[in-house]
Amino acid sequence: MENLPIKDELWINDKRNWDNPEFVKQQLLDILVDKVGKHPGYATPLDWYLAISCMLNGLLNRREVVTHKNRVEKKFKRVYYLSLEYLLGRQLDKVMVDLDLKGIIQDVMKGLGQNIDEIEACEQDPALGNGGLGRLAACFMDSMATQGYPGYGYGIRYEYGMFNQEIRDGKQVEHPENWLRYGNPWETSRPDVRYRVHFFGRVILKRDENGREVREWVDTERVTAQAYDMPVSGYDSETVATMRLWSARATRDFDLYNFNEGNYIEAVREKTLTETLSRVLYPMDSTLMGQELRLKQEYFFVSASLQDILHRYLRRGASLDDLPKDMAIQLNDTHPALSVPELMRLLIDEHNIGWDKAWSLTRQVFSYTNHTLLAEALETWPIEQIERILPRHIEIIYRINHDFLKEVRDAFADDLTALSRMSIIDNNNRCVRMAHLAIVGSHKVNGVAALHTKLLRENVFSDFDQMTPDKFVNMTNGVTPRRWLLTANPNLSELISEKVGKGWIKNLDLLKGLTSFADDKEFCSRFAEIKKSNKLALVDFIKESTGVTVNPDAMMCSQIKRIHEYKRQLLNLLHVIYRYNMIKDGKINGDCVPRTVLFGGKAAPGYYMAKQIIHLINNVANTINNDDAVGDLLKVVYIPNYNVTSAEIIIPGTELSEQISTAGTEASGTGNMKFALNGALTIGTLDGANVEIAEQVGDENIFIFGLKVEEVEKLKKDGYNPYDFYNKIPELKRIIDMIDGGFFSPEEPKRFSSIIDSILRGKDKYMIMADFECYIKMQEKVDRQYKDSDTWTRKAVLNTANVGCFSSDRTIHEYAKIIWDIKTLT
């Protein structure tokens, strides 16, 4: 294809055509009839959504073809981003904005008697991710396309995502997330791009035709990985990034013999079992079968991806010796860590490369992003499972570890315990440490915030840093301003563009120009009006999604993120109960600042304590929201099935962002950046990227409280006892006793005893009791400052103006320069 004598301009429709409403209208009508199969007079909003998406996807495919042609012709080094999650959000609005076609399509649809908002509402959020890991990957793909980098993303095409969250009787209930029920107009099936992925079997030793001893993986179970491509548009950019997602297919879909014998279930047994690999994101691993499925899922993903990467490379006639000059492969967390032994297997077993050369090539192409400081979150797999499911890979891992430990002995001759600390194999627990495997197999390892990287180097992986200090670097996370400001908050975007121009959309540092307007009364008044308008939209969304009516004049406080103990939704809830008690005691009256406190996020299906926290939040909300004595002074809302689309409403309407994890537990966070970008003030600990946000916006424009990392460690070392705070702080004791005594669950008084056990008798691992008092005092400071609306607005303006460095564009530029060594196509 690259050699066809076709000029680029013939592949992309003339831009002048797309400025012509009649041309766009005719394109849409043709697609509606030809592709969707509907007469315009009978078309539903869903039909129009499919027609518009199909039209725009065609434009993106044309650009993707030219992008690929340019990459090949110019011989640019590429980056392949391997991530088990991509939390994309709806695509229609993003693509219309990126291609500068939203206005004309909106006008055309209006002329056809259609409402673009109703059409956009038909789109399902792609269920390809869950939390910050997936959202970061989506932001990175957007930035690669916008800034013109030659980037590809690899992942899995989950049929049902993680789950749809229903709140029933206050509890989380999981349902399949059937996002593909109407198809996905943004993807292109690639039935010709298929790879065999192997499991189980055994390894035999034999000699090749040259008498060389080789290993062969035989008697395996085989699965076929089929590719689906999704183009990722960039804003005002001809470059298109490509996401290639894998769907599991059986090597034999249907057993006709069994069917004809009447064994109908057996006839499709292989198909059913095989396709479970790409059914669900993060299948629950509380059972051996669940653990096996997750391990197989991870290997399925990396094997198909690496086979495809090598195929792309070799079909150009290139030598494997030059692999690192052509590509960089980024491992987003440890889920793709099996890429290290898999690439070694492919190079050695399939391409006859010697061990030493294969290992050199492997270490040069891979780099690894760590996303956690929590020991329990560092992924490990039982040796027995890998031996059984991936027998060839465990051999390779053993050899990698053997050679690596020789290096450790040389580096730590006087410290033999370093061998056990740094080994890829944990002999005590009989498991493989995937983070260690990723570190050893990569040339660079990065943290995702300055504090996170510092703690990785000093604590979690200090031995590795001492041995190879140049390997560890920091890449503070960022968010794409296109989705999280331009499309999520169009009125604020318009005001910003009016004052500093539109350049900020691709260079967020230009927001600094807003600092000169922080004392401009007219600007601040308009800024405040936009926030008020966004709050009204949020009030409507709350009513529609939960049935709860909230006060539009109340301060909107939000904590929306994955439910986990270290993120301390429980600490937030303790303040809510404290506030409730103060209102009931008459210590807070009509002069106080009314608040609406929003929670949102999913708990992993097997995470009992997180699901208990959700249940408690909803029980507390039910009590408070139905207490006439409280009225509009306090409302508590749990947003069900939190996703990107709901975040695009919640974040612009929020005034106080809760980022209150225990210091030293959050890697970075990106929600904190999105809120600050939209003019919310942060109340938070000195954890993750909060540290850098505070440095940028100034201590006077953020509410920092709580123990610092070193204070947390000292308190633990000195013998932290949560009962000391329980007995010392009467208000805290009262709250704990209310929960433990069944005040919020009178029909089942001990319903939440497990939560109380965890923070009292369980030693309060995340220091909720220790940080409670200073958190309450800081919340009181928030109240006082919120009453001065002019000062609050000024602080909000300065937050927006000073967080330009938290753009994912900046992060991608740093990856490109420091880790990947790639250049833009433009």
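User: What are helix 34 and helix 35 to each other, in terms of direction?

Analyst: Helix 34 and helix 35 are roughly perpendicular to each other. Keep in mind that this is a predicted model. An angle of 65 to 115 degrees counts as roughly perpendicular, and the axes of helix 34 (residues 768–787) and helix 35 (residues 789–801) cross at roughly 105 degrees, coming within 5 Å.

User: Which residues of helix 34 and helix 35 meet?

Analyst: From helix 34 come Val782, Gln785, Tyr786 and Lys787, and they meet Ser789, Trp792 and Lys795 of helix 35.

User: At what angle do helix 15 and helix 17 pack?

Analyst: Helix 15 (residues 355–365) and helix 17 (residues 391–411) pack at about 85 degrees, and their axes are 13 Å apart. Helix 15 and helix 17 are therefore roughly perpendicular to each other. On the helix 15 side the contact uses Trp355, Trp359 and Arg363, and on the helix 17 side it uses Ile396, Arg399, Ile400, Asp403 and Glu407.

User: Where does the charged end of arginine 71 sit?

Analyst: The charged end of arginine 71 sits over the ring of tyrosine 152, at 4.5 Å from its centre. Tyr152 also belongs to a cluster linked by ring pairs, together with Tyr80, Tyr154, Tyr195 and Trp246.

User: How many aromatic pairs does the structure hold, and what describes a pair of aromatic rings?

Analyst: A pair of rings is described by the distance of the centres and the angle of the planes. The structure holds 23 aromatic pairs. One of them joins phenylalanine 743 and phenylalanine 744, with 5.0 Å centre to centre and 80 degrees between the planes, and is edge-to-face. Here the planes are 80 degrees apart, and over 60 counts as edge-to-face.

User: Is phenylalanine 744 buried or exposed?

Analyst: Phenylalanine 744 is buried, at a relative accessible area of 5%. Phenylalanine 743 has 42% and is partly exposed. The cut-off for buried is under 20%.

User: How many residues of helix 14 are buried?

Analyst: Helix 14 (residues 339–350) is mostly covered, with 10 of its 12 residues buried. Among them are Pro341, Glu342, Met344 and Arg345. After helix 14 comes asparagine 352, with a positive phi near 60 degrees.

User: Which residues have the most contacts inside the largest nonpolar core?

Analyst: Leu56, Ile105, Phe199, Phe300, Ile329 and Trp820 have the most contacts in this core, which has 273 residues. Take leucine 56: leaving aside neighbours within four places in sequence, its contacts are Leu92, Val95, Met96, Leu99, Leu101, Ile105 and Trp186.

User: Where is leucine 598 found, and what does leucine 598 touch?

Analyst: Leucine 598 is found in strand 18 (residues 595–600) and is buried, with a relative accessible area of 0%. Not counting residues up to four places away in sequence, leucine 598 touches Leu538, Ile542, Cys557, Ser558, Gln559, Val637 and Ile650. Glutamate 695 is 97 residues from leucine 598 along the chain, and their C-alpha atoms are separated by 27 Å.

User: Is asparagine 184 buried or exposed?

Analyst: Asparagine 184 is buried, with a relative accessible area of 11%. Asparagine 184 lies in the loop between strand 4 (171–175) and strand 5 (188–199). Setting aside residues up to four places away in sequence, asparagine 184 touches Trp179 and Met230.

Methods:
Residues numbered from 1 in each chain as written. Predicted model: local features only at pLDDT ≥ 70, side-chain atom pairs only at ≥ 80, totals over all residues. Heavy atoms only, no water. Buried < 20%, exposed > 50% of the residue type's maximum accessible area, 1.4 Å probe, protein only. Helix = DSSP H or I, 4+ residues; strand = E, 2+ residues; numbered from the N terminus. Core = buried A, V, L, I, M, F, W, Y, C linked by side-chain atoms within 4.5 Å. Contact = heavy atoms within 4.5 Å. Phe/Tyr/Trp six-rings, centres within 6.5 Å; stacked < 30°, edge-to-face > 60°. Lys NZ or Arg CZ within 6 Å of the ring centre and 35° of its normal. Axes fitted to C-alpha atoms, helices over the stretch in contact; angles between N-to-C directions. Parallel < 35°, antiparallel > 145°, perpendicular 65-115°, else oblique.
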